[in-house]
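Hello,

Here is the structure I promised to pass on. Please open it alongside this email and follow the notes below.

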Amino acid sequence: MKLTVLGGAGAWPPAGRACSGYLVEHAGFRLLLDPGYATLPRLLELLPADAIDAVLISHGHPDHVADLNPLLRSRALRDDPAAPLPTYALPGALSAVLALDRPGLLDRAYELHEFEAGDAFRIGPFEVQSRLLPHFLPNAGLRLTATGRSLTYTGDAGPTEDLVKLADGTDLLLAEASHVEHVPDDAARWLNSALEVGRQALHAHAGRLVLTHLFPGTDPSAARSAAARSYAERIDVAEPGLVVEIA
Ligand SMILES: [Zn+2]
């Protein structure tokens with residue numbers, strides 16, 4: 001399984017950067033995880049739009065879904081439209097982004113598969129386990145497994161033992177760490193810090209940790225150091241172009 005980071009910025013895309021967006025490939029299948037703001041141009045540097053086989057979305061915030069609209073436009077608005085794109089999301093999570101265009105324009109561009117957090121299902125070669133993790137709106141933590149290797153992605157999630165359970169023994173934990181050490185009180189239940197994510201990676205016995213969704217302006221080395229206070233394995237910060245082979 002191969003992970004390619006398209007963007008890892010939280011909240012909004014700073015100059016030249018993109019928000020949450022990850023390409024996960026295995027056995028020739030290309031799964032796009034969270035097409036957040038500004039991820040489509042990054043993706044198109046790597047692949048044509050019709051090379052994507054499916055999209056999987058953690059939750060409906062625009063820094064995780066906004067570029068679904070230009071992705072669908074790029075597949076639909078041409079003489080030979082691409083096949084409908086299988087798109088997996090929690091109920092209602094895509095209502096806003098799918099309403100951006102005039103009714104009908106993109107109807108044949110996607111095939112919506114709604115799932116409930118807690119469901120297990122298959123997308124191409126990936127077994128997907130999902131789990132509701134705490135956020136401002138419903139958010140699915142996602143564990144992808146193929147040929148015995150796994151990647152676990154938090155979406156955006158406040159501290160919870162449920163993540164430790166979902167990520168138990170995972171090869172790679174890709175975890176939202178909006179803040180370095182302290183999450184402001186009004187968001188403390190719904191967002192995470194690199195310090196706390198390090199603890200969760202330790203308790204889950206994750207093989208490797210990638211911190212993502214850092215708020216614009218956050219020092220990546222400070223985030224890495226905070227996570228390393230409890231987690232001793234390899235830690236990276238999601239930067240555009242980071243590629244991780246999970247083998
Ligand atoms: Zn969010």
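**What I found**

Leu85 has Tyr110 in E6 as its bridge partner. Strands (E, at least two residues) and helices (H or I, at least four residues) are DSSP runs, numbered from the N terminus. This is a predicted model, where local features need pLDDT of at least 70 and side-chain atom pairs count only at pLDDT 80 or more, while totals for chains, interfaces and linings use all residues. Residues are numbered from 1 along each chain as its sequence is written, and side-chain values use heavy atoms, with hydrogens and water left out.

Strand E5 (residues 85–89) and E6 run parallel, joined by five bridges. Two strands pair if DSSP finds at least two bridges between them. Helix H3 (residues 68–76) packs on the sheet and touches E3, strand E4 (54–56), E5 and E6. Contact here means heavy atoms within 4.5 Å. The direction of H3 makes about 165° with that of E5. Axes are lines fitted to C-alpha atoms, for helices over the stretch in contact, and angles run from 0 to 180 degrees between N-to-C directions.

The sheet is open, with seven strands in the order E6-E5-E4-E3-E2-E1-E14 and mixed pairing. Strand E6 (110–114) and strand E14 (243–245) stand at the edges with a single partner strand each, so one side of each has no neighbour in the sheet.

**Another sheet**

Seven strands also form an open, mixed sheet in the order E7-E8-E9-E10-E11-E12-E13. Its edge strands are E7 (120–123) and E13 (235–237). Four bridges join the parallel strands E11 (residues 172–176) and E12 (residues 209–212). Ala175 has Leu211 in E12 as its bridge partner. Helix H7 (residues 220–228) packs on this sheet, touching E12 and E13.

**The zinc site**

Which residues coordinate the zinc ion? They are His59 (NE2), His61 (ND1), His135 (NE2) and Asp156 (OD), at 2.2 to 2.3 Å. Donors are N, O and S atoms within 2.8 Å of the metal (3.2 Å for Na, K and Ca); water is not among the atoms, so sites may look incomplete. His135 lies in the loop between strand E8 (126–133) and strand E9 (139–146), and Asp156 in the loop between strand E10 (149–153) and helix H5 (161–166), so the pair ties together parts 21 residues apart in sequence.

His135 is buried at 6% relative accessibility. Asp156 is buried too, at 2%. Buried means under 20% relative accessible area (1.4 Å probe, protein chains only).

Best wishes

Definitions and conventions: Buried < 20%, exposed > 50% of the residue type's maximum accessible area, 1.4 Å probe, protein only.
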